Every structure is written in C-alpha cells, then in structure tokens.
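The points below may be read alongside the sequence and the model.

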Amino acid sequence: MGGETQMIPSPGSASYPKLARGPVGKQIHNIYRDRLRQFTDNGQYRQQSLRAKFYHARIHDSTHVKLSVYSPPHLERPTFEEATSHEFSPASLGDSFGPSWSTHWFRIHLTIPTSIKSDGHLEFHWDANNEGLIWLEDGTPVHGLTGGGERVEWILPEKWRDGKEHIFYVEMACNGMFGNAPGGDSIQPPKPDKYFTLHTADIVSVDLEARALYIDFWIIGDAAREFPEDSWEEHEALQVCNSIMDIFIEGNGSQESIREGRKLAQKYIGTKVDSSKVYDTDYEAIVSAIGHCHIDTCWLWPWAETKRKIARSWSNQCDLMDRYPEHRFCCSQAQQYKWLEQLYPSVYDRVKEKVKQGTFQPIGGSWVEHDTNMPSGESLTRQFLYGQRFFESRFGQRCKTFWLPDTFGYSTQLPQLCRLAGMSRFFTQKLSWNNINNFPHTTFNWVALDGSQVICHMAPDNTYTAEAHFGDVKRSVTQHKSMDQDATSLLVFGKGDGGGGPTWEHIEKLRRCRGISDQVGLLPRVKMGDSVDDFFARLEKKAENGTEFVTWYGELYFELHRGTYTTQANNKWNNRKAEILLHDIEYFATMATLKDTIKGEKSGYSYPKKDLDDMWEAVLLCQFHDCLPGSAIEMCYDDSDELYAKVFDTGKKLLKDALTALGFVDINSSEGRLTGLNTLPWSRKSIEEFTSPVEDSTHGLVVGSTGLAYVEPLESQLTGNSLACVKETKPGIFVLSNARFRLEVVAGAITSLYDLYERRQLVPPGSKANQLVLYDDKPLYWQAWDVEVYHLRSRTELQGGESKIVESGPNRVAVATTTKISEKSWIRTTISLDALEPSVRTRDSTTTSSTSTVDPCPLASASHTITVSAEAEWHETMKFLKVEFPTTIHNTDATYETQYGLVRRPTHYNTSWDMAKFEVCCHRFADLSDANYGLSILNDSKYGFATQGSTMRLSLLRAPKAPDAHADMGRHVMKWGLLPHQGPVGQESVRAGFEFNYPVRIRRFAGKDKELGEVGVLLRSLTVESRSGGLVLDWVKRGEDDEDVSRREGLPVREGRSVVVRVYDALGAWTRGSLSWGALPVRKVWRTNLLEDDEVEVPTKDKSIEVQVRAFEVVTWRLQL
Ligand SMILES: [Zn+2]
C-alpha cells in the first residue's frame, strides 16, 4: 500500500524549471578574466570600451583656446613677473619646444564654449610630454602638470563658465619627470637637445560617472586577477566584472548602462565609495595609507628644477586635500620647504594652512633626506638641528619620525642621534632592494652602538611610491615580516622620485579597496586620515603594553650601491674639507667671542651666525642622498662645485676674521711669533710643511696642546740614525727608515715594512703593500651606484715605473713613483717617512726657550704614520682603482671608523650576510689588528674600503658612465697613511685619523708675548679627560639661541652667552672623566640634547664637571656663561 503521496511544492523552488533550457558551460576562467582588459584598455577596442565614454566633448580650436609663447634665452628660468613682462608670440598645437632644460611660458586665452558651459565637470588638459606649472593671471601658481598622459588635467574654475575670455599661463619645463635621458633608460646621461611637441591644449567636458565606473572596474578586476583562485571572493569579482561589461554592451554604452554598471559594482565594493564616508565604519583597519611625494633634491635634474618640482607637486596636494577630506600627505626635507617659502610664497602659505589643519604633515626632522654613510657625526647632528629648528620655527612643531625611505644604507649611530634629536621613530624601505639577503623584519627596534633604540618600520609593500593598487594593499600583509608582533603597516603612496605625489586616482582606488574589505573581505583593510605619527604612536603603545618587538643591533647595511662610497671623489673631498673647516671656524669663532672674558675688554667681533648657517645649509644640502653618494647627473656636480666654492670662500673669510680677532696674522707677515693652531682636543707633535718658507726652512716641528702649538723651523743639514734616511740599496730598491720603521720600496710598492721596536714584519713574504690594483667595474645595472661582487675576479696589479728619491731627510724622506694605468691614465705616489722625536733637530734646540714651555708629549701618532700622497690623471671607462695592503695580521673582523664610533665587520665570507659586505664604508680609518698589534689605514676624504682575509684595500677612483658620463675624469689629489700600532685598535688610531685630516694651521701672532699667553689660555680652556682616553671633545660652538647669536627666526632667545660642547666615547667603553673650562667664567652647566634643549643641570666643582659616558655615547653640554 503506501498509496500516492500528494506532491506539495516546497517554498522557493516554484520557479526552478523542471526542464533544462539548454546547455550552460563552466566558464573558462582565464578567458573570462582576460576579457576584462577590453573594457578599459587603450588597445584595439578603445572606441567600443568604457574609455570612449570618458569625455562628452573636447575643444581645442583657436577661438576657444588661444596660445602664445615666450621662450627665455640661455636655458633661463625666469620668475612669473619677469617672464610675463615679455612679448609673447603666437603658438599652436603641434609646435615643438626645446632644447632640454629650456623653459617656455605660454599665455592661454580660454573661452568656455556655450555648448558645454552647463556640463557637469570641465577640465583643461595640457600635454607636451614634459613638466609644467599652471599660473593664474595674477601670478598665483595653482597646479602642476607631469606630461606623457600623467596628471595632464586641471579643473577649470566654476566662474569661468561666463562665456568670457580668461587668461592663464603654463610654465613649460623641457624635461620629463625623470630628466632628459635618451630612450627608455632613465639613468643614461641626459640628452642636451631634446624637443617636446605640444600635442594637447584642450577644454574637456568629463563624464564623471564613466570615470568612476572605470575605477570601480579597475579595482574589482584586480580582485579577479590577484585574489587566490581558490577563494570565492575571486570568483565573485570575476562575475561582477563580466556582468558590468555585459550591461554596457547591451546598453550600447549608454549613460544608463554606465549607471547600471556602477550599481552592479556596489555588490562588491559597497555603496559608500564615492566619498570619504567609506572609511567611517566600525571595522579596524590594519593598513594606514599615507600620501607622499619623494622629490629627489637633485638627481637626474639640477636643484633649479627641484625648486619648481616642489611647487608643482605640493600645489596639487593642497588641491587634492580640498577635494578629498581623507587625504593626508607627509613630506620631509626642510630645505624644500625653505625653497618654497622663498620662491613660491603663495603656495607656501597654502601649505602652511594645511599644516595647521593637520592634512599636510611635515616629517623627517632633517635638513634633506641625506646620505647616512659618509657625513660626519656632526653633519648628522646638524641635519637634525637645522631640520628640526626649521620645522619648529615655521610650523611650531618638531618631527617625531625620522623619514629616510631612499638612502643607501643606515649607519649604526642613527638611532642614538634620532633619540637625541627628539625622534623615537624611523621609517625606511630601501633594504628591500638588497640583492643578496632578504632583510627579515618589517617592524622592529633598531639599536645603536650605545644601546639607544628607535622603533623602525619598513613598509611591507617595499616602496615609498606605491600606485595605491589593489596589489599594494594586498602586499601590505603578504610581505609583512613582523606579524608575530603586529600586523599593521604603512602604505606610502604617490608618484615619487621625480615628484608628483598622490593623484585623484590613487585616492579613488583606495576608497574602493576599503569598500571591498568591508563588503566581501579578504583584502587587508586600509584606512586614510591617519598620520605616520598616529601609526607609530600605536606601535609604541603596544611596546609599552608588553609587545616585544624584535631587535636589530648595529648598522642597517645596504646590500647594493656600494660604489657610492667612492663615485664622484671630488664631491666627497669637498664634503670632508667643508666639515673640517666648519669645525675649526666654529671653534675659533666661539673663542673669539669669549676673548673679553679673559682680556676684560669687549672686542668688536661677533659670532658669524648667518654665514655659518649659509655654509652649513650648503654642506647639508650637498649631503642629499643622490649628491654626496655620486649618483646624480653631471649638472648636479656643477651645482655642488659652485656651492662648495662659495662655502670655502666664506669659510676662508670667517676663519681669517676669527683668527684676526684673536690676534693672528698670515704666515707671510713680516712680524709676529710663528704659531701653530691645533683645533684637536689633545697635544700634537708633527712635522708640517710650510706654505711658504720661513727663514730658510721648508718644514717646522709643531708641538703643542689644544689651541696653540709652538712651531720651530727645522734645520735641514743634520744626519743621524734616529732621523729619517733613505738609500737606494740596489738599483730600484729603496730603503726608508727612521727610529721605528724600516721600509723597502720597489716600484712604488712596499715589499717590506718592519717595526724595529716590535721586531715585527707587516708585509707577508712575496707580497706588496701599497700595491695599486685595477678592477673591471661593470655592475648589473646601476653604474654610478654599484660595484658588484664579481669585480673582485678581475684584479690586475699595476706595474709601477721607476722610483726616485724626492726628499732625502733628515726630517722627512720620500720616494716617488709614477705608475701607468693605461695610455690615458697615470698615478704618481709619494711614500714619505718622517723623522721621529726626540731626535728631530730644531733651529732652537740649544735654547729651547719656547719648546720647553710645552708639556712634553709622547711620540705623536702622526709621526708614526707612513704617508702616501698621490696625484692621478684618470680617464678610464668602467674601471675601479684601489690600493691594497696585504698584512701579516689575522682576525675574523676588521674595524672601521664610523660617525661617533667604530663598527666591526667580517673579513671572511662565511655566510651570505658576511659576503655581502665585500665593500664597506669607513670614515678616517680602517683597522686590522690582532690582540697585540695592528695596522690602521688612514685616509683623506675617501670612504670605500674592503678587508678580505688579511688584505686591506682602500678604494680610490671609479669610472662609471651613467648618469654622469664624465664622473671622476681628470686630475685627483689623494692621500692615505699606514699606521702600524702596538695593541689592538684604540686611541692611537682614532687620534691619528683626526690628525691625518685636521691641519695644523700655521700663522703668526701679531701681539705681545703676554697676549699670546692669554690667547693660549683661552684656546685651551675646554678640556675633556678620561682614564680610558676614549673621550673625544668633538665640537665646540656657541649656543644657537644665545641673544648675541640667534637670528630670531621664531624660536626662543636665551639671555647671556653659552658654549656648546659635544663629546663622545670613541672606543666603546663606559667611561668616567671630566670636562673642565679653565678660565672661562661658566656659571651653570646643562646637559642637553642635540637640539640644545636643557635637560639636566650638572653640578660643577673646581671649574669642571664629572662626566660619565656609556660606550659610544654622544653627550652635549651647554655651558652658561
Ligand atoms: Zn631619492
């Protein structure tokens, strides 16, 4: 039984047809995905695609767009006023303009046609494939143009729809975003004769709906392409996109079909993407998107162009902020703000207003985004001092985050200096370019030599110029390496390097990305409206609440761009010389302003603050990360040469003024006591060559403590065992010796270097120290930047020519050798050895009236140095010249001087991390020591070094051909020294490094002996002593805010006078010592940070304070007089 069951239809299935209507196939995934391109491509279906619907009308007839032009001569870049005062001649579309780097001012008479005056959105489009800036008739710059289809539009003012003619200007710059390289390879030297055709100058009526659908489709299409194929979200995206296309085709591209398409898109991106409200949800976002525009202060274009790039880029950002309330833009480099303030006051005012509103966010705290490998410690300090003071004076705020996304490696003391400059946070990403090892962290504590730390974040998207693509957001998680501690990250987006910054498209795309995260999920949730500091503040909070971020101790060595320690040698030489000159000027100028405290009478001398600021700002500017490293085009080095020349001119005058105020006159003066000026904080004893002979002597013995040293002309007729002698023992074999060393020189190479005290040979048998070697130097791509590991395979020893004795003693002996490098290049090296105290004979050795008043000092380290001076004529192509020193010393680590300390690096290639350091940066010396003995190689203005096993190599000259075709060609003067020493690396090397670089300045004192005594007391008033001998009094200057120093630029002024003293531990030891100030009438002493904020008052006792310094710590005190 059972009977029939009544069929009761279940709810919902009523419409499910009983019979199949026909076959339905499974979509072939990749075909349906590849189809998407048709909708938005510029290809063969353009006219049938959404792209064809972007514009209702495009007008460029000469009735509505009338063009005339003024082309300034000689590549000049005139101001608006100058340019517009000239006659303009007619111009039209299709005309071409040039050559490279020239400027052309266009006057545009524009009338909006009646036919479109009621249309929704009107723009002016301009494109000549080069950069430009739109100016209103009243001289206000309003909008930057990039060219080449990128950022070509400017929204026309509403009030111009009045049917009348309106005038505005375009300042056309004949360079692209990345200069004027020929063809597609942007690092090739610029072509001087490029011309640019003006192809677009149109009034355009835009269909905003079509444009919006385009962005919807782009981002959903990315989801279809980039989400994993095993996710439903990927399949859904593909369906939505295909449906949008179907509707568009069905509606024949009608407005209605576009609106329908947008509705379909909402299924995937939600309903709120047309405004910043898309971000107003309760969900927590983990990716903080921040707009940024990296403008290289110089690179493939000169500074003059950068100044315009700033106005172009930043005016656009202000405009975007008006239209997109969520937009936040962070921007570094005080120098760029200063240029804007000087050259584009109206744009600067607009920026200032946005800073006040919190949307335009100054960041970085430094003067420029500088190189961190080569500037001295004090230069790094001044980058922060000048940067932070600028931001504070102009915007009432200091930066908390050090921002340096594009610099070629990060030296080990930066975290300490950041902390001392009020910054606890550091942002970068450049290590993602490492071509050997993958840096393992995204968010971590970066720890300096002294133990100071900053919280460091390296954007996981591995760029500071993200296009705000779907993929950028996605990679913010997929490439995040620190998610065990924290999954949040920064997404730094906006056109960069050549400037530009975010575009409206970027911001629109991010709205849709956020829409996807909230609507369908899977994509990391992005947010806008935050600042970088908000982001870091949350990380710091987490750390405070117990999250243990991993640590990285020591330098963030960049495994690429190692050639930048050597390229553009002249620029590097200028950098070091300028740093030393500034040191000496600030020391003497400080003392000159305090002379009255000893003498009791006021002098007319005042601290030359403005000139010093100008010098510092120039030096800091030239430390920009494409300038000092040598990776800019030739024009940039013409610029920096000019700036350095000015620095040295001003410096020479300032030095003379300060010394005159102290009573010193030129060595050539007929009267006055011969004196040496020693600005180093310890006694020196050395033999110096006079710039012009004194009596009959060419050399003098210089002996003395800080400040004043006594100079005795040396007699040149004596001989004796302890003096320096030289002999040609066999043809071509020269033996140089003094009381300590015996050297054998053959063809310019040192075949034996024997320490007579230690009875130790430094050159292995059969080896040659001071051997010049040439390498083939063709890196994978970045010529000026890189030297690649395989260059080591091409080592060629250069054969020295005939040597001859050029100085034969008794105070100094020298042997010179000319070595042919090629048919076009040569180098002449002179190895010299000085006599050693106490046997040097002075003219006064019988009376010793003056020398006897000087403390006897132990053998000065400088006299232990074997000096090699060199002159080279260099015309090579892609070759690398080094000088090498094989040694008998064995150690797995070598030591290199860095800013305010020492850094150790391996001499072996055990791991890929060790091997990556096959070429490294050093400051004044590099050292290889065992427990008992070592060799320091001193240098004058060189930075590249390598220690491979027991062989040390100083890098001298490179010959890259891009981006400067003539980099380093021509004449070079160089100097290096060998300092064999007892014991491991220590004070002797540190001091020798200083002495090798800091000249003793020889002058005459014009006043009476009593006055000289007083000046001597003044000059050596500041002393630092420590038992370890590791404390270095590195810098003396006047207080920035002292009432007689301050330039009153909006920062508080302090009453009275103060002296700022900077000291560091150079050896890496906790040290107790003292700082004393002798005759200076110091009332109070404050320990300060680098910005000279008083932190702690330090108790004084007997004109001194007790000092305790951590290993490699940098300490600043302000002595209030
Ligand atoms: Zn850069």
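Is Asp202 buried or exposed?

1. Asp202 is buried, as its relative accessible area is 4%. Please bear in mind, here and below, that the model is predicted. The side chain of Asp202 forms a salt bridge with that of Arg58, with 2.6 Å from N to O.

2. The zinc site deserves attention next. Four residues coordinate the zinc ion, namely His294 through NE2, Asp296 through OD, Asp406 through OD and His625 through NE2, at 1.9 to 2.1 Å. Along the chain these donors have the spacing H-x1-D-x109-D-x218-H. His294 is located in the loop between β13 (287-292) and α7 (303-323), and His625 in the loop between α17 (609-622) and α18 (634-662); the pair therefore ties together parts that are 331 residues apart in sequence. Both histidines are buried, His294 with a relative accessible area of 1% and His625 with 0%.

3. The geometry of the zinc site is irregular, with angles of 88 to 158° among the four donor atoms.

4. One annotation from a record should be noted. An unreviewed UniProt entry lists residues 559-644 as "domain: Glycoside hydrolase family 38 central". In the model, this span is 64% helix and 0% strand, and its end C-alpha atoms are 30 Å apart.

5. The largest nonpolar core comprises 156 residues, of which Trp314, Phe360, Phe664, Leu1019, Leu1022, Trp1117 and Leu1119 touch the most other members. Helix α18 makes the greatest contribution to this core, 11 residues. Another core, of 62 residues, lies apart from it and includes Val703, Ala872, Ala926 and Met974.

6. The salt bridges number 84. One of them joins the side chains of Lys653 and Asp657, at 2.9 Å from N to O. Both residues are in helix α18, four residues apart, or about one turn of the helix. Lys653 is partly exposed, with a relative accessible area of 47%, and Asp657 is likewise partly exposed, at 31%.

7. A further salt bridge is formed by the side chains of Glu1113 and Arg1087, also with an N to O distance of 2.9 Å. This pair links distant parts of the chain, 26 residues apart, with Glu1113 in the loop between β55 (1104-1109) and β56 (1114-1120) and Arg1087 in strand β53 (residues 1084-1088). Glu1113 is buried, at a relative accessible area of 6%, whereas Arg1087 is partly exposed at 24%. Elsewhere, salt bridges with shared partners connect Arg389, Lys609, Asp613, Lys1037, Glu1040, Asp1041, Arg1047 and Glu1092 in one network.

Notes:
Residues numbered from 1 in each chain as written. Predicted model: local features only at pLDDT ≥ 70, side-chain atom pairs only at ≥ 80, totals over all residues. Heavy atoms only, no water. UniProt positions renumbered as here; feature names shortened; annotations may be inferred. Helix = DSSP H or I, 4+ residues; strand = E, 2+ residues; numbered from the N terminus. Donors = N, O, S within 2.8 Å, 3.2 Å for Na, K, Ca; no water. Tetrahedral: all angles 85-135°; square planar, octahedral: opposite > 155°, others 65-115°. Buried < 20%, exposed > 50% of the residue type's maximum accessible area, 1.4 Å probe, protein only. Core = buried A, V, L, I, M, F, W, Y, C linked by side-chain atoms within 4.5 Å. Salt bridge = Lys/Arg side-chain N within 4 Å of Asp/Glu carboxyl O.
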